[in-house]
Amino acid sequence: SINKPTAGAREERELPVGEHPIQLYSLATPNGQKVTILLEEIGEEKVKYDAYLINIMAGDQFTSGFVAVNPNSKIPAMIDRDGPGGKTVRVFESGNILQYLAEKYQSELLPSDPAERLEVFNWLYFQVGAGPYFGQFGHFYKYANEKIDYAINRYKMETQRLLDVLDKRLAETGAYLAGPNYSIADIAWFPWVRCIDTGYSAWEEIGVDEYKNVRAWFDKISARPAVEKGLRINSSSDNGIREYHSASSSSS
């Protein structure tokens, strides 16, 4: 197994570095897709970035270069060579990266009004805490070698409960999670809801279509061009953009 009870680098290898200030090291999992969706939503007029695929099945996250960016060896991880005060900084944890990028580029996806901003953070960090429940459901439902009914049912019920929280909130706002406007909170939740289908083949098992407000919200976000492209970056799928930088052959 690639998983071990120890942290740190297992191989001395530096990360590739491109020409732009933002260097993203990631993979098109839900947490990785959050970041590429936001980068595409901000737009290339404002942010130039290089995105390199980290093959977690091959152990790229345990190289010395990656561990220097994220000691926890999890994607996504990012370097900004034009960080605060012009310093080079590392940024890891997907929610933190979303907040950092939205603040740095003064994106409308993070409101300037303090109360509205706080509501975005409520739903953003709710997702950060809730995401692992979706992941545990997917693991036990689809990927575990041994099917354990107790584990499947426990995480299935919690996934459904979380969707019900979202559904009731969307019924209140009639639009998006933090209010009437699309925000980084929606970007955080969207790939995880999508993964119920694309990652776990469990859309019907969970009954996602029964959450009418979630389904309408999901369809609305799916139709955004930046979302469509962001989902493809650092993906090895047939229509994926494996790497996105000046030296790659598929950076558009």
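I started at E93, which sits in the loop between β4 (89-92) and α3. Helices here are DSSP runs of H or I with at least four residues, strands are runs of E with at least two, and both are numbered from the N terminus. I looked up the phi of E93 and found a positive value of about 80°, although E93 is not a glycine.

I noted what I was working with. This is a predicted model, where local features need pLDDT of at least 70, side-chain atom pairs count only at pLDDT 80 or more, and totals for chains, interfaces and linings use all residues. Residues are numbered from 1 along each chain as its sequence is written, and side-chain values use heavy atoms, with hydrogens and water left out.

Next I checked peptide bonds. I75 and P76 are joined by a cis bond, with omega about 0°. I placed P76 in the loop between α2 (64-69) and β3 (77-80). Most residues other than glycine have a negative phi, and most peptide bonds are trans.

**Whole chain**

I counted 9 helices and 4 strands in the protein chain. From the N terminus, their order is β-α-β-α-β-β-α-α-α-α-α-α-α. The radius of gyration (taken over C-alpha atoms) is 18 Å, close to the 18 Å from the globule rule for 252 residues, so the chain is as compact as a globular protein of that length. That rule is 2.2 Å times the number of residues to the power 0.38. I also noted the span of the C-alpha trace along its principal axes, about 50 × 45 × 30 Å.

**Between the domains**

I looked up the division: domain 1 is 22-109 + 238-245, and domain 2 is 114-231. These bounds come from an automatic or database domain assignment. Domain 1 brings 19 residues to the contact and domain 2 brings 22; contact means heavy atoms within 4.5 Å. The C-alpha centres of the two domains are 21 Å apart.

How much area is buried between domain 1 and domain 2? I read about 1,800 Å², with 63% from carbon and sulfur atoms. Buried area is the accessible area (1.4 Å probe) that two parts lose on being put together, summed over both. In domain 1, P30, I37 and L109 lose the most area to domain 2, together 31% of what that side buries.

I then found 3 salt bridges between the domains. A salt bridge needs a side-chain nitrogen of Lys or Arg within 4 Å of a carboxyl oxygen of Asp or Glu. I looked at R224 with E41, whose closest N and O atoms are 2.8 Å apart.
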